[in-house]
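Please examine the sequence and the model below before reading the notes.

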Amino acid sequence: MSLPSTKVLRDPARRWSWLVAHMKGRGSSLSAIARTINISRSAVQSAKYVAYPRVEAVLAKALDVKVQELFPDRYDADGVPTARPVGRPRNSIDKTVRPTVRARNTQARKAA
């Protein structure tokens with residue numbers, strides 16, 4: 001099987017598919033990576049969305065690329081992780097007040 005490119009894709013949305021295809025081309029898989037570092041496959045899969053330096057390093061090593069080449073948005077040119085926000089963003093919670101079930105029922109009775 002011929003691999004499409006040895007250059008890591010810059011588009012984060014397509015990078016994961018590229019990574020999985022190259023792992024298969026090398027006769028490995030995400031499950032095999034999970035077994036080697038004794039974590040679940042879903043934990044390896046989470047590196048797709050969330051920074052997970054331990055998994056990212058193992059994936060880069062398995063593909064014979066530098067971690068900063070595989071995840072350029074997460075590492076600087078020297079391979080040092082960039083500053084990442086910790087926890088949930090402040091504006092991620094919808095703060096609109098919604099009436100409770102009891103309040104909705106009371107309003108419905110008054111309207112009727």
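Contact means heavy atoms within 4.5 Å. The model is predicted, so local features are given at pLDDT of at least 70 and side-chain atom pairs at pLDDT 80 or more, while totals for chains, interfaces and linings use all residues. Residues are numbered from 1 along each chain as its sequence is written, and side-chain values use heavy atoms, with hydrogens and water left out. Helices (H or I, at least four residues) are DSSP runs, numbered from the N terminus.

**Helix 1 and its surroundings**

- Helix 1 spans residues 12-25, which are 14 residues, and extends 20 Å from its first C-alpha to its last. This is close to the expected 20 Å, the expected span being 1.5 Å times one less than the number of residues.
- Buried means under 20% relative accessible area, exposed over 50%, and partly exposed in between (1.4 Å probe, protein chains only).
- Six names make up the buried set of helix 1: Arg15, Trp16, Trp18, Leu19, His22 and Met23. They lie on the same side of helix 1 because they cover an arc of only 165° around the axis, where the arc is that of the directions from the helix axis to the C-beta atoms.
- An α-helix has 3.6 residues a turn, so residues three or four places apart point the same way.
- Ala13, Arg14, Ser17 and Lys24 are exposed residues on the face of helix 1 turned away from its buried side.
- The cover over the buried residues of helix 1 includes helix 2 (30-36), helix 3 (41-45), helix 4 (53-62) and helix 5 (67-70).

**Arg15**

- Arg15 belongs to helix 1 and is buried, its relative accessible area being 6%.
- The side chain of Arg15 reaches the backbone oxygen of Leu70 at 3.2 Å. A polar contact is a pair of N or O atoms within 3.5 Å; within protein, one must be able to donate a hydrogen and the other to accept it, and residues adjacent in sequence count only if both atoms are side-chain atoms.
- Between Arg15 and Lys48 the C-alpha to C-alpha distance is 8.8 Å, with 33 residues separating them in sequence.

**Salt bridges**

- The structure holds three salt bridges, each a side-chain nitrogen of Lys or Arg within 4 Å of a carboxyl oxygen of Asp or Glu.
- Asp73 pairs with Arg15 in a salt bridge whose closest N and O atoms are 3.2 Å apart. The pair links distant parts of the chain, with Asp73 in the loop between helix 5 and helix 6 (101-111) and Arg15 in helix 1, 58 residues apart. Asp73 is partly exposed at 45% relative accessible area.
- Asp64 and Arg26 form a salt bridge at 3.0 Å, N to O. Asp64 lies in the loop between helix 4 and helix 5 and Arg26 in the loop between helix 1 and helix 2, so the pair ties together parts 38 residues apart in sequence. Arg26 is partly exposed at 45%.
- Arg74 and Glu56 form a salt bridge at 2.4 Å, N to O. Arg74 is in the loop between helix 5 and helix 6 and Glu56 in helix 4, so the pair ties together parts 18 residues apart in sequence. Arg74 is buried at 10%, and Glu56 is buried at 0%.

**Positive phi values**

- Most residues other than glycine have a negative phi.
- Gly27, which follows helix 1, has a positive phi near 80°.
- Asn38, not a glycine, has a positive phi of about 60°; Asn38 is in the loop between helix 2 and helix 3 and is exposed at 71%.
- Asp64, also a residue other than glycine, has a positive phi near 55° and is exposed, with a relative accessible area of 60%.

Notes. Helix = DSSP H or I, 4+ residues; strand = E, 2+ residues; numbered from the N terminus.
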